[in-house]
Amino acid sequence: MTTINKQYDQYNSIVGNAFREIRNAEGVTQQELAARMDLDIKTISRIETGKNALTIAVIRKMSDPSVLKKENKDLLELCRLLIDEPSERVKNNE
């Protein structure tokens with residue numbers, strides 16, 4: 001497994017855990033969240049456990065204020081890292 005793949009796995013796990021904590025803090029079920037994000041409940045479960053690769057489309061849905069109301073700057077920053085940091089590494093041939 002390459003370093004970038006390991007980093008993606010790590011980010012998926014960190015972001016998924018943060019997302020689950022926010023969902024639980026707001027009292028939202030996985031089923032409700034799946035409906036809000038127009039995703040299957042199994043996909044939500046896999047995102048929260050870090051087993052599902054996060055696509056840009058899913059990250060955008062996660063950061064949409066209508067999905068989870070609580071503002072969480074840490075989660076948004078992690079989402080930005082997922083989108084931006086690997087791109088920068090590719091540009092720099094790392």
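R23 is buried, with a relative accessible area of 7%; buried means under 20% relative accessible area, exposed over 50%, and partly exposed in between, using a 1.4 Å probe and protein chains only. This residue is found in helix α1. Helices (H or I, at least four residues) and strands (E, at least two) are DSSP runs, numbered from the N terminus. The side chain of R23 makes a polar contact with the side chain of E48, at 2.6 Å. A polar contact is a pair of N or O atoms within 3.5 Å; within protein, one must be able to donate a hydrogen and the other to accept it, and residues adjacent in sequence count only if both atoms are side-chain atoms.

Leaving aside residues up to four places away in sequence, R23 touches V28, T29, Q30, L33, E48 and L68. Contact here means heavy atoms within 4.5 Å.

## Basis of the model

This is a predicted model, in which local features need pLDDT of at least 70, side-chain atom pairs count only at pLDDT 80 or more, and totals for chains, interfaces and linings use all residues. Residues are numbered from 1 along each chain as its sequence is written, and side-chain values use heavy atoms, with hydrogens and water left out.

## Overall layout

The protein chain has five helices and zero strands, giving the pattern α-α-α-α-α along the sequence. Of its 94 residues, 29% count as buried. Among contacts between residues at least 6 apart in sequence, 62% join residues at least 24 apart.

## The nonpolar core

The largest nonpolar core has 15 residues, of which F19, L33, M37, L54, M62 and L68 touch the most other members. A nonpolar core is a set of buried Ala, Val, Leu, Ile, Met, Phe, Trp, Tyr and Cys residues joined through side-chain atoms within 4.5 Å. Two or more residues of this core come from each of α1 (3-26), α2 (30-37), α3 (41-48) and α4 (56-63). In soluble globular proteins, nonpolar side chains tend to be buried together.

N12 has its place in helix α1 and is buried, with a relative accessible area of 5%. The side chain of N12 reaches the backbone nitrogen of L54 at 3.4 Å.

V15 is also found in helix α1, and at 0% relative accessibility V15 counts as buried. The C-alpha atoms of V15 and T49 are separated by 9.3 Å, although these residues are 34 apart along the chain.

## The two sides of α2

L33, A34 and M37 are buried in α2. They cover an arc of only 105° around the axis, which puts them on the same side of α2; the arc is that of the directions from the helix axis to the C-beta atoms. An α-helix has 3.6 residues a turn, so residues three or four places apart point the same way. On the other side of α2, Q31 and A35 are exposed. What covers the buried residues of α2 includes α1, α3 and α4.

## From α2 to α3

D38 is found in the loop between α2 and α3. At 64% relative accessibility, D38 counts as exposed. Its phi is near 55°, a positive value in a residue other than glycine. Most residues other than glycine have a negative phi.

D40 caps the N-terminal end of α3, with a side-chain oxygen 2.8 Å from the backbone nitrogen of K42.

## α3 and its packing

I44, I47 and E48 are the buried residues named in α3. They cover an arc of only 95° around the axis, which puts them on the same side of α3. The buried residues of α3 pack against α1, α2 and α4. Just after α3, G50 takes a positive phi of about 75°.

The axes of α2 and α3 come within 8 Å and cross at roughly 105°. That makes α2 roughly perpendicular to α3. Axes are lines fitted to C-alpha atoms, for helices over the stretch in contact, and angles run from 0 to 180 degrees between N-to-C directions. Angles under 35 degrees count as roughly parallel, over 145 as roughly antiparallel, 65 to 115 as roughly perpendicular and the rest as oblique. On the α2 side, the contact is made by Q30, Q31, L33, A34 and M37; on the α3 side, by I41, I44, S45 and E48.
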